[in-house]
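Work through the exercises below with the model open. Try each task before reading its solution.

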Amino acid sequence: MKKIKNTMKHCSECGSRTLKKIPEGDNRERDTCESCGRIFYQSSKIVVVCIPEWQGRILLCRRAIEPRRGHWCLPGGYLETGETLEEGASREVYEETFASVENLKLFSKAELIHLNLVMFCFQGKMKNASFRAGQECLEVRLFEMSELLEMELAFNAHRFSLEAYAREPDSGGIHSFRIDQD
Ligand SMILES: [Zn+2]
């Protein structure tokens, strides 16, 4: 997960420099264009990850990219526009591991305030034992739960989800709906 810069130097509309300013009626500084007056509001980004399970084992990837190159993590990445959380999570699993997952269930969420990220973690069943490393991975492997809890993982948010999964893999109870318009 790349750190997101919570600032912009130039206006994306007119190219002029931006300033940090508290707009009228607002209560925090925003990047504001000196020339056209446009205000740039920053929002958190959404990351979707998955715990892909095959016969009691979990599929992890070893990162080929920074940050935390060489460390193991759950397959995941940024949600794209036009897809649901579930679609994003299974797409990321496929892009990074070429594994197909089904029966995705929302398992946990993590709010990474310092990175302006919200992470949604799904659990999913692999359709078969077929997988191989995608472009952003050095290798991909199935791990026993006991084994992966001993490892140093790339991200704490992944570790917390896996620890909760190890304790109670079918806790359930989180519901979600797809809404396309108001
Ligand atoms: Zn401007």
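**Exercise 1.** Find how many bridges join β1 to β2.

*Solution.* Four bridges join β1 to β2, which covers residues 30–33. The two strands run antiparallel. Strands here are DSSP runs of E with at least two residues, helices are H or I runs of at least four, and both are numbered from the N terminus. Two strands pair if DSSP finds at least two bridges between them.

The model is predicted: local features need pLDDT of at least 70, side-chain atom pairs need 80 or more, and totals for chains, interfaces and linings use all residues. Numbering starts from 1 along each chain as its sequence is written, and side-chain values use heavy atoms, without hydrogens and water.

**Exercise 2.** Give the strand order of the open sheet of three strands, then name its edges.

*Solution.* The order is β1-β2-β3, with antiparallel pairing.

**Exercise 3.** Describe the hairpin of β8 and β9.

*Solution.* Nine bridges join β8 (101–112) to β9 (117–126), running antiparallel. A110 stands opposite M119. Four residues lie between the strands; in the turn, N116 has a positive phi of about 55°.

**Exercise 4.** Check the span of α1 (85–97).

*Solution.* Multiply 1.5 Å by one less than the number of residues. For 13 residues, that should give 18 Å; the end C-alpha atoms are 18 Å apart, so the two agree. Just after α1, F98 takes a positive phi of about 55°.
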